[in-house]
Amino acid sequence: MYCKQCGKEIADGSQYCSYCGAGTGLTLKSRLLAGSLRLI
Ligand SMILES: [Zn+2]
């Protein structure tokens with residue numbers, strides 16, 4: 001996947017860009033969809 005902020009390629013599933021630190025939007029919602037919720 002690519003950072004929508006700086007355009008660098010970053011690892012799939014990353015919550016933040018490792019280059020510019022921008023959030024990727026893959027946060028709680030994506031984890032819910034993935035069925036790996038661990039809030040408890
Ligand atoms: Zn970035």
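This is a predicted model: local features need pLDDT of at least 70, side-chain atom pairs count only at pLDDT 80 or more; totals for chains, interfaces and linings use all residues.

Reader: Is C3 buried, partly exposed or exposed?

Author: A residue needs 20 or more such neighbours to be buried, and 12 or fewer to be exposed. C3 has 19 of them, so C3 is partly exposed.

Reader: Where does C3 lie relative to α1?

Author: The chain has 1 helix and 0 strands. Helix α1 spans residues 28-34, and C3 lies in the segment before α1.

Reader: Which residues is C3 in contact with, leaving aside its neighbours within four places in sequence?

Author: Contact here means C-beta atoms within 7 Å. Leaving aside neighbours within four places in sequence, the contacts of C3 are K8, I10, C17, Y19, C20, A22 and T24.

Reader: How far apart in space are C3 and S18, C-alpha to C-alpha?

Author: In sequence, 15 residues separate C3 and S18. In space, C-alpha to C-alpha, the distance is 9.1 Å.

Reader: Why does Y19 count as partly exposed?

Author: Y19 is also placed in the segment before α1. Y19 counts as partly exposed because its number of C-beta neighbours inside 10 Å is 13.

Reader: Is C20 buried or exposed?

Author: C20 lies in the segment before α1. The exposed class takes in 12 or fewer neighbours. C20 has 12 other C-beta atoms within 10 Å, so C20 is exposed.

Reader: What separates the C-alpha atoms of C20 and C6?

Author: Beyond four places in sequence, C20 is in contact with C3, Q5 and C6. C20 and C6 are 14 residues apart along the chain, and their C-alpha atoms are separated by 6.8 Å.

Reader: How far apart in space are E9 and Y19, C-alpha to C-alpha?

Author: E9 lies in the segment before α1. E9 is exposed, with 10 other C-beta atoms within 10 Å. E9 and Y19 are 10 residues apart in sequence, and their C-alpha distance is 9.1 Å.

Reader: What percentage of the residues in the chain is buried?

Author: The chain has 40 residues. The buried share is 2%.

Notes
Residues are numbered from 1 along each chain as its sequence is written. Helices (H or I, at least four residues) and strands (E, at least two) are DSSP runs, numbered from the N terminus. Two residues are in contact if their C-beta atoms, placed from the backbone, lie within 7 Å.
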